[in-house]
Amino acid sequence: MTLDSKIPAGRLEDKWTSYQAKSHLINPANKKKLNILVVGSGLAGAGAAATLAELGYQVQCFCYQDSPRRAHSVAAQGGINAAKNYQHDGDSVWRMFYDTLKGGDFRSREANTYRLAELSAPLIDHFVQQGVPFAREYGGVLANRSFGGVQVQRTFYARGQTGQQLLLAAYSQLSKMIRAKKVAMFARHEVLDIVVIQGKAKGVIARDLATGEIKRFAADAVVLATGGYSRVFRLSTLAIGCNGSAIWKAHKRGAYFAAPSFTQIHPTALPQTSESQSKLTLMSESLRNDGRIWVPKKKDDNRQAKDIPEEERDYYLERRYPSFGNLAPRDIASRAAKERIDAGYGVGQLKNAVYLDFKHAINKLGKDVIQDKYGNLFSMYEKITGINAYEEPMKISPAAHFSMGGLWVDYELMTSIPGLYAIGECNYSDHGANRLGANSLLQTSIDGYFILPNTINNYLEGELKETRPDVNHPEFVKVEDEVKSQIGKILAINGHRTTDDFHRELGKVMWQECAMSRNKKGLEKAILQIKEIKDAFWKEVKVTGHDNEMNPELEKALRLADFIELAILMCTDALERNESCGAHFREEYQTEDGEAMRNDEDYKYVSVWEYDAGDFKLHKEVLEFEYVQPTVRSYK
Amino acid sequence: MKITFKIWRQEGANSEGSFKTYDIDGLTEDMSFLEALDHLNERLVLKGEKVVAFDHDCREGICGQCGVFINGRAHGPHDHMTTCQLHMRSFKDGETIVVEPYRAGAFPVVKDLVVDRTAFDRIIEQGAYITAKTGTAAEANAILIPKEVADNSMDVAACIGCGACVATCKNASAALFTSAKINHLNKLPQGQPEAHRRLVGMTDQMAIENFGSCTFTAACEVECPAEISISSIAEMNARYVKAKLFG
Ligand SMILES: Cc1cc2nc3c(=O)[nH]c(=O)nc-3n(C[C@H](O)[C@H](O)[C@H](O)COP(=O)(O)OP(=O)(O)OC[C@H]3O[C@@H](n4cnc5c(N)ncnc54)[C@H](O)[C@@H]3O)c2cc1C
Ligand code: FES
């Protein structure tokens, strides 16, 4: 199969408009006959399900939590970007497009990235209409702040709970369509496989997590909106249930996986304090607007932060990147922290943290202003650590956070399996090798609300004349049997190690070799180690309880089985890319002062992987830059 | 740290439940309460027993999925804190901790510590939205909203839907939850056209779902992780009276 990105012809500024003008329409009477499955109820899934239902399609929507309102979009704190130029600070669609493309280190498509910027302003209009209580100025207009990697203020926010407020708006709209009986919601249902019939996606197999029942769902198209897979590292800022299972199963059924190793390590999370830790809590990047990051100039300095005088502090981001300072993009800020920590300047119990200090901001602006902006983050910090950050600096550390990589999609957000779409964080679309802060809520939302509802017609129009898919088709029986046999197999092993034990082992390998900095030797070793983990898992894991009941241990094991396989692909991908770009930093390819060395001559493509009976075959989507010349990405 | 957990075990909605006692060693003060349960569950697996089922997801106090009764209090010993934010440093070495599911008629037990809170979703379905289709919005700054109004709306919009308010209320009332959502939207200009329908639809659904009525004991606001004040309930009631009197 060749990779057709389906980028519309014409000027960059006109592509989306002309696409919409030319794409097929389906009349309302026919839409009613068509059934769409939306897997996921985050911003991408809920937005898509509600909008598709408003347009007249029959929708079934799934999430593994007990309510769609709990999808992990809820946890986003900092904000959402839009090129409104409300601050009159020189922002524009073009500038936002450029910032995003550059932020991604020129590893995404111009056309997609431009569309992201173009649809950002109408998205804010949409959310305001839906009643999102965004922060306001005294005059009643919307307020903004800035986020890493840009020099304008284009981020909209609702205190430190922007994701929550956007998700609840999407959930409300979804609820409206559930009440109208246009969406059937299946909460506590986990999709475990995709059914492909004659090359087209026609349904899914899901497990009812409350009863253990395995169910078949047939449809004319399937939309995956299952979020990020950073739990492959085990410790991450993601929710415990976040998984890669649906996209991994789709991959094994033929959907190509793009840039799996592009994962973002966030610079400002709370440091790990013990082995038993289950997650790392994010401290919003917005804190870097007013907080200054530093470590002591002296190695192994055991003094308390407040006892270290100004001249003995190393504000290393301000020192290395004077024009962006504390607002340097995430990959750069994370790597800089790792560099200081590895060199022995880390602070805290395990010497694995750096300081984020608000002293100067409080002195300058007053405690009230800081409290108004970040109050809930400070109180969250205190709940977890017992420390009052108005009095002493926060201790922060890098943590796995976001997957730029995901299922390969074309301009219409369709995967390489016709009828199977991937939207939101689970696809690879706009962020390239590094995502800018506050661009993900944007991408997930426009995928679901604005793009998919326009592009899916183009495919469904052709499906109208087909017979409606049926759950009694032999392929459904076959896939269901495969799912059941995998469950049976896991339960039958009855080994001597817990799922968590394997997950900790996998996480350590991935964090060591496939996170902030990577090298050939380490990746080769990691692949071997993960294969051993896989073998051991299938021989030694112990899962108690049964398949026909609520069984959280079984859920965990099924997710981990898929993570292990995905981890091998991630390392394979990182190994293949002999350059440093964005979040992908290969130690062999760096400048003398430790900056990333991109290689456009040989690697100006998206790595697109095909599953091939346990092996992976590489395809290349070469990126054409017609409007912007890739430059060295400098934030100095 | 060593802890004795007395945990409610119940196979399913229609089975009888009972407390089981587990002595567990090797905990640390830095562990979160849910990590202590993880630790217990790993031990149970190795002994060949079924794990304790409990709800959780984000583990950072925002998704609202976690929530159990700990020593007789929803979300444990602290005010305004979710179960997932609770750490073992809040307990003493050697202590016995009693853990049970939320008890409320409208929240039936699914298994062990897991309850069914879908009644909340059905309240939301009765009007917690603004009826406007995607793609029909006007320019955002065309609606000016004073900062105080946006801030007040945000104060109540912060509800995480965990259900602690119901679980802790002697009447099992959902008034705090329902009022928070109604007030979030009804305070804003965008929410005005449907304000009345929303108010009536959502409060009626509260009764249909068998939540009790509010007698202003204020127990809920103490537990609420989002610190929503019971003045929100008073505001809802005032709106209700006004709506009934003036239509
Ligand atoms: C702590 C944190 C803070 C963040 N802050 C910001 C920010 O300030 N700004 C910003 O722009 N971005 C931020 N992000 C990133 C952003 O929040 C996410 O990328 C985005 O919300 C993802 O949305 P989504 O709809 O793709 O996925 P999610 O919201 O994760 O939703 C996934 C959905 O899929 C369902 N699901 C998953 N697997 C299955 C399965 N197998 N079967 C059935 N259902 C399934 C889940 O139940 C859920 O409903 C943050 C991320 C984190 C983790
Ligand atoms: S697990 Fe999300 S609030 Fe506790």
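A: One may begin with the polar contact, which is a pair of N or O atoms within 3.5 Å; within protein, one must be able to donate a hydrogen and the other to accept it, and residues adjacent in sequence count only if both atoms are side-chain atoms. Here, a backbone N or O atom of Tyr64(A) lies 3.1 Å from an oxygen atom of ligand 1. An oxygen atom of the ligand is also 2.6 Å from a side-chain N or O atom of Ser440(A). The model is predicted: local features need pLDDT of at least 70, side-chain atom pairs count only at pLDDT 80 or more, and totals for chains, interfaces and linings use all residues. Residues are numbered from 1 along each chain as its sequence is written, chains are lettered from A and ligands numbered from 1 in the order in which they are written, and side-chain values use heavy atoms, leaving out hydrogens and water.

Q: How much of ligand 1 does the protein bury?

A: Accessible areas come from the Shrake-Rupley method with a 1.4 Å probe; for residues, only the protein chains shown count as cover. Ligand 1 taken alone exposes 1000 Å², of which the protein buries 98%.

Q: In what order do the 5 strands of the open sheet lie?

A: Strands of a sheet pair through backbone hydrogen bonds, either parallel or antiparallel. Strands (E, at least two residues) are DSSP runs numbered from the N terminus, and two of them pair if DSSP finds at least two bridges between them. In chain A the order is E18-E16-E10-E19-E20, with mixed pairing. E18 (427–428) and E20 (615–622) of chain A are the edge strands, each pairing on one side only.

Definitions and conventions
Helices (H or I, at least four residues) and strands (E, at least two) are DSSP runs, numbered from the N terminus.
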